[in-house]
Amino acid sequence: MAAKTHVDISVSERRLRPIYDWLDVGNNKKALQEADKVLKKQPSFQCAKVLKALALLRLGKDDECEQILESVRQEVPCEDSTLQAMTLCYREIHKPEKICEIYEGATKKDPANEELLTQLFMAHVRVNDYRKQQQTAMALYKLKPKNPYYFWAVMSLVMQAYNADDKLSKGVVLPLAERMVKKFVEEGKVEAEQEVQLYLMILEMQQKYSEALEVLSGPLGAKLVSCLNPVPIRRAGLLMKMKRWSDTNLSYKLLLRDDIDRWSFYQDYFTTSFHLFDESSSQENDTDKKGPMGDSNVNVLNVGENINLDSENAQLEKCEGTLGKSVDQQCKSSVKGVSLGSGSEVVQGGGEAVSLEKCSGGISEEVMWSKADTTPEDIRHFLAIISEKNEKLSRKFRGPYLAYLELYQRLLGRGKENPNEIAGDIVELLLLYFQNFGDKPCCFPDLKIFLSLLPENRKQEFITKVEDIVSLPKGQFPDTAQQMQQHINLIELSRRIGLHQSLSRDDKIELATSLISHYAHGICFASPLQTDFSMNDMYAIIACHLLYEAWLDEQMSDIPSTSLAKAMIILELVLSLSPSNYHAKLLLLKLYSLVGAGGAAQGIYELLDLKHMQLDSLGHLHCCHIYSSGLYSHAANIYETTLKFFTANYKDSVDHLTFSYKFGSFLTIEEFVEFRERLDNSLHYTSTTVENMLLEILRANNQVQRLQTMAQMDINPEKDKVDWPKLQDNRDLKVMIAWDPPDRQMSPETTKETFDLGVDLLRLRSLVLRIMGAAIMMTENVPAGSKSLKVDETNGSEIGCEGDLTLVLQGLIDELDHHFSSLCAQYPLEIHKKKSLLNVIAAPLPSRIFPLVRHGSWCKHLQVMVDILIGVSLTRDDQKQPSCNASPESKEIQLWSNMSDAADMLECSVKEIKEEVLMCRESSDLTNRKSFLEHAVIVVEMIEVTILVCGVCHSILKPMKNAPLVKKWKKKKENINTQQPKTLDIYNNMVSRLKQSLEDMKKAMEMWEQDVSSPSSVVVTSVKGNSNADCSLSALLKDLRLNDCTTENEQKCAAVYWDASQLKVLQKLIDSYLASSREIRQLLSKKAKNIESLHV
């Protein structure tokens, strides 16, 4: 019998092999044919049926696929190959809950199958059903008593606590998980490091830090070996949570002795030291008498307090018995010897010479390592010891130097001690760091957080002293790469403390010109590898920041705006020589977007080559604004790419979770769950989804296509599916480099403001989408299969009835009106410039809410169009079932008025576009092109909405054209409804005026194209400059090759790359504007064909 079964399995595998092969290579038609062949021979072959369903699914036949899967599911399959194929199908159709159902059925049939139970557990992991995870894991452990299964159950309990409230989690769930692990600990069954980590996590979640310390000090602590010093670091963190400041302080001192460059250790060390200061403040008099290391402040940790003293401390304990009080006195004298004077040994710390008198036999240092630092002098002494150790190294670390700055900052924030007496003079501290690391790129990032400590009257003094260190007179160029990096750091520091902001526009351009000359000279120090950043690139990027500020100054004056174009040329030059510099790409992307050059911005966005999480964290830089430039095809491609990432993330994050359980990485499970939730609730994800659906609906060529598009979307007009409270901001707003003062940086307040703007925009667009969806659902007399009613999953009721949709539409339009009115009140026109955050170069681009508020007629137009649709629907209803409760004439008169108003609004908006074309022709500011395109896209959307509503009205009015007139009052035969023909006439007139507005819009875009492509256009003038009064920056770059001091590389940069970059920018701008105009005209041409069929 067994042999026969084996033969059957071999035959089955041989028959299925061709199906698998065709599926693997993507030839789903061949796979379907092979599956049909197998099923002809074996009609009941479950695996072949499922593989056929998979082929149908990948051919786009979802309904047939689901029918086959349902039939197989009812048979309750148990074979692994069948279940795996069904799992694949359900994952691709996004129904992971069905995977749980099939494995639950299989385990009921075969409850002793370990593999089936394992797969059932993983199926519950995919849907985050932690309770069933726990039950399945315990069933597995009872079947096969293995540690992983037991700890799967424990981790499932921890995840239940993660989702429960504090009372339930800390009172019931976590104690149960603790008891389960404790049982294993007592029985000696804990084997792996991750099991110990899970035990510690459970204790910390319950705030049982003492028990966690005992675990670390016991035999289980020896199992923690995955990182360097895991036990001491973990112990110090627990002591910090327990607020045992003395023990924590000593722990971090010992950790810093082994790693003097670990910045987090310094921060925690200072935190504990200042807590000890506060605790000992009442004993200051005694401390002064006994010395900073007197008996009252000594806190020596022993093994019982969970700190293992090393051999040096053990030696100290031996010495105590022999040396007695004399040692203590020597130590006190050593600490008192810390002064500004000279001594036997001098350590440079805090910008001052610190004298350290060593005790005989080095006992003073040993005592220092065994006592907590409870006074400022103790900290000073400790940092001096660390600095001494650092000075002896061949390669110095930055941590000890930055520690003095951190100490100064904390002392200044406390306001209780004089930071100059304890840490040293702030200018000297900064200069000491610059002397050692001023030739490194890390210099500015390290110092920028401490520059705010400089008093206003000492900023220039600091810069002057840094200039003395750099030793580069004005007009000269660096001789070495190190000197060039020092000079770059000097400029960055000057900008950070605000010296550039006080310059006039001409001074900023002059400084930018000087920086570009340094950039050209620095090419000789550039890296030969294109994958590396060139050191001199920062000169050019800072120059572009200055030009951006000059452009802001030009905005407030009558000076022609050319600085922004010059910045674009410089950045293109930088990218031609250093193609990997993402700082230049990010800034250039913003500048192109600011002037509405969507095509050029798209090219830079592609050069960034964003992957995976970057599509969420950096996608807002371009994805949110490409639609406003009129490049609908690019917008559709970006939306598709972005949504593919989020869809793939759901599958990938599930795999991450299952692998975490399989390999026992319990600490990562919570992180993966949070990561998945963060992406699922991303504002960017939700916004992109809504914009993509709107774009697909509005680009549809006719009503049938709109209905087909709607059938593929999950739109429920009655129910808002966005979980507004859970929306999260995943943007990375620190990626763009900036050296501006803190008042011109993104603060938490401005970050929240921009996020709120994004939420408001999403709410607005979501309402528009639901209104469009409800309108399309009211279409009548369409081909079978094009219109599908949605079913509300909560109660199973259909939501497609026109009567219900009329009420839904009215409710949505009222909600839209309320929301838009609140936006207009919240963001009046006079604050748009301030809220746009243009003065913050690292800020995101201005929100699309501002043009929508500025051109608010679109909202009123949408309301009128919805009123027309509701009126036409009521007219149809009156014809089917005459009503005696209201006068039909008043309804029809209102309908006629709405049709006329809608046509008037559209004509008025198109007229505004024509006027704006003339304004762009005369304006030298390229950003006006962005404003024009934003307005044009809004008007095109108004036209598309009008066509959509007219398409629905056409489906309702066309059957009424030849319908017999209905007598409204049977008793009075003379009162016959004669209004119907007039309604049709007014409707046709509205469609004719719509067509004329569309043609006028096309002509306006043609005029704009001619202006943009003209050789004398403002775009050309802005980029090339005025030949009669060329700006100093452009003149310098063109004349660099005539300077006898320049090298051959500099001449090449000026002569070739500058001209090429200028032409590149000009061509990109013109091509972008023309592409936007052409796409808009092409879309309008397609809509014009649709209009021809809308007449009744």
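This is a predicted model: local features need pLDDT of at least 70, side-chain atom pairs count only at pLDDT 80 or more; totals for chains, interfaces and linings use all residues.
Residues are numbered from 1 along each chain as its sequence is written, and side-chain values use heavy atoms, with hydrogens and water left out. Local features need pLDDT of at least 70 and side-chain atom pairs count only at pLDDT 80 or more, while totals for chains, interfaces and linings use all residues.

**Exercise 1.** Work out which helix gives the largest share of the lining of the second largest pocket.

*Solution.* Start with the term: on a 1 Å grid over the protein atoms alone, a pocket is an open set of points with protein on both sides within 12 Å along at least five of seven lines, a cavity is a set where a 1.4 Å probe fits but cannot get out, and lining residues have an atom within 4 Å of a point. Next, the space: about 840 Å³ lies in this pocket, where volume means the space filled by probe spheres set on the points, joined across faces, edges and corners. Of its 25 lining residues, Glu-467, Lys-474, His-487, Leu-511 and Ser-514 are the closest to the centre. Helices 25 (459-470), 26 (481-496) and 27 (505-521) each supply at least two lining residues; helices are DSSP runs (H or I, at least four residues), numbered from the N terminus.

**Exercise 2.** Decide how helix 11 and helix 13 are oriented to each other: roughly parallel or roughly antiparallel?

*Solution.* Get the geometry first: the axes of helix 11 (residues 193-205) and helix 13 (residues 230-241) come within 13 Å and cross at roughly 10°. Axes are lines fitted to C-alpha atoms over the stretch in contact, with angles from 0 to 180 degrees between N-to-C directions. Angles under 35 degrees count as roughly parallel and over 145 as roughly antiparallel. The two helices are therefore roughly parallel. To finish, list the contacts (heavy atoms within 4.5 Å): Gln-197, Leu-200, Met-201 and Glu-204 of helix 11 meet Arg-234, Leu-238 and Lys-241 of helix 13.

Key:
Angles under 35 degrees count as roughly parallel, over 145 as roughly antiparallel, 65 to 115 as roughly perpendicular and the rest as oblique.
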